[in-house]
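Hello,

Here is the structure I promised to pass on to you. Have a look at it first, and then read my notes below.

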Amino acid sequence: MKVLVGLIEHIGDIIACEPVSRYLRNAYPDAEISWAVSKPYSVLIDANPNIDNTIVLGCLTDWIKKTKHEDFDLIVDLHVNYRVCECCRIPLVKQHGNPLVNAHEWFDYGSILEAFSIGAGLPPMTVTPKMYIGADIEETVDGLGLPADYCVIHRESNNVDKDWDTEKWRQTVAWIQEKHGLAVVEIGASKAGARLPDLPGVIDLTNKTSLLGTAEVIKRAKLFIGVDSGPAHMANAVGTSGVVLLGRIGVFRKYNPFSGRFADGGRDVKILRNLTGRAREIPVEEMTEAVSYLLALASASAEKDPENVVPAVTVAAAEPAERELAIRSGLFDAAWYVLHNEQVGDNDPLDHFLSEGGRNRLSPSAEFDLLHYLSMNPDVEADGQNGLLHYMRAGKHEGRPKYTVYKPASDKFSSEAEPAWKLRTLTSAVGMTAPAVAPSSDVPRVFAFYLPQFHPIDQNDWAHGNGFTEWTNVIKAKPLFPGHYQPRLPGELGYYDLRSVDVMRAQVDLALSHGISGFCFYYYYFQGQKLLYKPIENYINSDMKAPFFYLWANENWSKRWDGGDKEVIIAQNHSPEDDIVFIQELVTTFRDERYVKVDGRPILMVYKAHLFADVNATTDRWRAEAVKHGFPGLYLVMVDDWSQDPLHPRAMGFDATYEIPSNTIPPNVLSDQIEAKDLPEDFTGHIVDYRKFASFHMGRSIPDYRRHKTVMAPWDNTPRYASRALVHINTENDSYRLWLTQTMLDTAKNSPPDERIVFLHSWNEWCEGTYIEPDGRNGRRYLEETKAAIDDVTEILELNPTGSAANAIATLRRIDREKDEGAFRVLQATKIHTRHISNELDRLRGVLSEERKMMRELESVRSSSSEIEAMKFAIEVGRTQPQDDDGIPRQSEVEAMRFAIEAERERSRAHEMDALRFALEAERLRSAELLRSISWRVTAPMRWVRRLVK
């Protein structure tokens with residue numbers, strides 16, 4: 001059997017993932033195991049006795065090529081999905097393992113080792129890594145002449161956001177030398193041309209030891225002090241106590257890259273955190289306090305005692321029936337058990353578990369947390385029973401839940417959920433294609449947006465006249481061209497009033513009977529005041545069972561229906577105080593069992609997140625308030641389509657985004673039948689071909705963050721905008737059904753169960769013409785198409801083909817993955833080069849602005865100079881020319897002076913204009929060349945994909 005492991009960089013990542021090599025060796029003792037790595041880090045793999053071959057690669061792109069063109073029985077891809085090659089800028093789109101563990105969310109899955117092992121399709125591992133240091137390295141370090149007692153510091157990572165201030169290091173080192181009389185050794189590799197300032201009295205070994213030599217220096221130290229980087233992982237691996245500085249990094253506010261000894265709560269480690277900013281803001285006082293504690297702890301111990309290792313004991317063979325039952329359970333993983341319990345020694349792992357491990361609460365695998373099971377079932381432990389055997393004999397049939405060992409950083413997965421590492425593995429841990437059968441949780445939930453404005457309220461009466469509702473505008477609409485379906489007429493529900501509970505009950509019955517899971521209610525809240533809330537209140541107080549949640553329309557309530565600041569009825573004023581009150585108002589609703597949650601976190605959607613002055617501070621307050629009221633947090637979702645280059649939602653404090661398709665209308669979806677429509681002369685809107693529109697949104701690339709997809713019924717906002725309307729035509733086809741089908745399949749493939757949510761836009765937005773409830777012309781057509789699409793998806797996901805049919809489906813899935821990969825690469829490359837174009841244009845604008853400024857200054861200087869020269873000339877002429885009797889030059893001479901001055905000014909202007917035209921032409925030529933270059937680069941991803949496929 002040939003196994004290929006891939007993790008090409010960096011030092012800390014490779015060291016942290018060393019336990020993967022031990023797991024694979026335990027699982028496949030006779031396999032030939034190779035590890036692909038880049039050359040600077042190959043020594044870490046060469047020294048590992050569990051790896052047979054070190055394969056040196058140039059970059060991540062080489063790894064992508066190797067996995068596509070060479071055959072291995074098992075590929076263990078430890079890279080997170082969407083990791084970008086640092087050389088070629090080509091992103092990895094994973095074909096092996098769990099694609100949900102991606103570059104923007106991987107710390108949600110725990111430490112580096114946990115996240116990377118889950119991402120590779122392996123069970124999560126939480127043990128301390130090891131380093132393998134030979135005698136030759138030890139002899140080399142002996143020759144350095146280091147003192148018997150010293151501490152090691154490491155100041156510089158490959159990310160300045162992780163580093164600490166030089167002055168704080170200087171104070172800490174001086175304090176250690178003075179207070180504890182301890183020598184200080186600095187290790188690491190400083191960046192080329194950017195060496196940090198020297199620290200007084202420090203033994204400087206930066207750039208002077210190899211990777212393994214550095215590890216040996218750390219191993220001999222009494223204490224390690226450093227930033228989050230490779231040497232900190234070395235300290236974890238070699239058993240040295242440590243103080244590590246951690247701040248917020250990227251979108252991660254709290255994270256711990258370490259497993260085993262250096263995990264949170266380790267006995268001989270202090271993790272100093274700054275949860276609100278960067279590591280450099282951690283005060284010196286916290287550092288000195290941590291150092292004092294660990295040095296005192298070290299003095300109290302005669303020698304390092306890394307983990308209170310339990311000695312191995314010889315155990316007797318277990319009963320055959322018990323062995324058979326444990327094996328049949330599928331919950332015993334011998335390789336995982338041995339990795340996490342070194343006291344197994346030379347014993348058979350299963351015999352050890354059945355005789356010793358079960359009694360000592362050792363879990364048999366990552367899928368069964370024995371300690372938790374026994375604590376939740378004290379009767380089992382009181383009877384002295386092995387928890388796994390009890391679960392198989394009785395607990396499973398009695399409905400007693402089992403729990404996974406894996407506890408992600410965000411408590412993302414519930415006890416009964418499928419283990420995270422099995423949610424969507426493209427390739428399983430034994431190298432076989434994952435089974436085609438899908439559990440019912442694979443079928444995404446479908447929620448329709450629901451507008452509660454079909455009843456009168458005082459504010460609308462004041463702004464629009466007594467009795468105003470959405471129906472008022474619907475009825476007044478006029479057709480814009482022959483055959484235009486306006487005004488729209490309601491179907492079996494009539495012109496309803498949502499104050500009637502019976503109306504909502506009929507809507508819920510229609511939705512549920514056609515496969516729709518529930519509603520997402522538009523929620524109108526203004527500093528404690530709720531508008532259009534009566535229907536929602538009636539629903540909450542009723543016995544209707546459909547799940548629901550809120551989308552906060554957090555903009556101004558205006559007569560123009562655009563959320564702007566003109567003709568405002570009620571203004572939306574966000575404030576820190578209102579942030580708290582807003583969540584407090586929702587707590588009771590969140591506790592409703594019908595309110596939809598993701599892993600226990602209530603979903604809260606926000607329409608315009610960019611309106612908050614400090615949106616990250618707002619979301620922090622929201623989450624904290626939710627936790628105060630007993631929730632594990634909030635699942636926050638924002639709109640994705642307010643800009644062409646949206647931010648990652650986590651950069652704004654959100655978990656995910658959702659689409660509003662009507663916000664994205666490229667020119668190629670406009671109808672080519674406009675001329676034949678006989679539109680009114682004052683028409684300034686748009687006519688969109690719905691088939692093209694649906695096709696465009698079906699083909700949108702999946703971003704590298706969680707985006708909930710939205711399927712939109714045909715749109716026509718003529719009732720609201722008349723001749724400025726956006727109207728969808730060519731709707732008499734199956735585009736809506738196909739769009740919904742593909743969206744649900746994509747969601748099932750790319751999202752974990754609780755986040756498999758698809759939106760329908762919408763249930764009843766009649767003034768926008770986008771609704772799926774019955775109308776007078778189409779009846780229940782869109783409800784029936786919705787049900788048909790959901791039924792199709794359910795049937796597809798439940799397929800369990802065999803033989804040639806299974807191979808055919810596997811081929812189709814592979815083609816689909818290849819398509820997605822190519823589309824993602826094109827998207828990423830286009831984003832990069834679009835950003836490059838934008839930056840270059842900004843630079844050119846800056847250059848032209850500076851040139852104009854220089855021209856103005858030059859004109860001023862030359863103007864002054866010309867006047868001086870002209871005056872000098874005039875004076876000289878005046879001395880030689882005839883004068884009046886009083887010594888004043890005659891009028892003709894004065895005119896000559898003025899003429900000379902004006903001529904000089906004109907000459908200067910002409911010269912400056914020539915210079916400016918020359919500069920502008922040069923920049924124009926430079927821009928044209930840049931655009932030609934970029935045009936070639938934008939098409940490069942397609943050429944890369946072709947080469948990779950070949």
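Arg445 counts as partly exposed, at 26% relative accessibility. For that word and its relatives, buried means under 20% relative accessible area, exposed means over 50%, and partly exposed is in between (1.4 Å probe, protein chains only).

Before going on, a word on the source: this is a predicted model, in which local features need pLDDT of at least 70 and side-chain atom pairs count only at pLDDT 80 or more, while totals for chains, interfaces and linings use all residues. Residues are numbered from 1 along each chain as its sequence is written, and side-chain values use heavy atoms, with hydrogens and water left out.

Back to Arg445, which has its place in strand E11. Helices (H or I, at least four residues) and strands (E, at least two) are DSSP runs, numbered from the N terminus. Not counting residues up to four places away in sequence, Arg445 touches Ser517, Val596, Lys597, Asp754, Arg756, Ile757 and Val758; contact here means heavy atoms within 4.5 Å. Arg445 and Ile757 are 312 residues apart along the chain, yet their C-alpha atoms are separated by 4.9 Å.

**Strand E11 and its partners**

Strand E11 (residues 445-450) is mostly covered, with five of its six residues buried. Two strands pair if DSSP finds at least two bridges between them. E11 pairs in the parallel sense with strand E25 (residues 757-761) over four bridges, and there Phe447 has Phe759 as its bridge partner. E11 also pairs in the parallel sense with strand E12 (residues 518-526), again over four bridges; in E12, Phe521 stands opposite Tyr450.

**A four-stranded sheet**

Another part to look at is an open sheet of four strands in the order E3-E2-E1-E4, with parallel pairing. Strand E3 (53-57) and strand E4 (74-77) stand at the edges with a single partner strand each, so one side of each is left without a neighbour in the sheet. On average, neighbouring strands of this sheet are turned by 20° against each other, direction ignored. Strand E2 (residues 32-38) runs parallel to E3 and is joined to it by five bridges, one of them pairing Trp35 with Thr54 in E3.

**Two packed helices**

The axes of helix H23 (residues 690-698) and helix H25 (residues 735-750) come within 9 Å and cross at roughly 5°. That makes H23 roughly parallel to H25, since angles under 35 degrees count as roughly parallel, over 145 as roughly antiparallel, 65 to 115 as roughly perpendicular and the rest as oblique. Axes are lines fitted to C-alpha atoms, for helices over the stretch in contact, and angles run from 0 to 180 degrees between N-to-C directions. Among the residues making the contact are Phe693 and Met698 of H23, and Leu738 and Trp739 of H25.

**Cysteines**

How many disulfides does a search of the whole structure find? The search finds zero, a disulfide being a pair of cysteine sulfur atoms within 2.5 Å. The sulfur of Cys59 has its closest cysteine sulfur in Cys85, at 3.7 Å, which is too far for a bond. Cys59 is buried, with a relative accessible area of 9%, and Cys520 is buried too, at 0%.

**The chain as a whole**

The chain has 29 helices and 27 strands, and buried residues make up 52% of its 950 residues.

Best wishes
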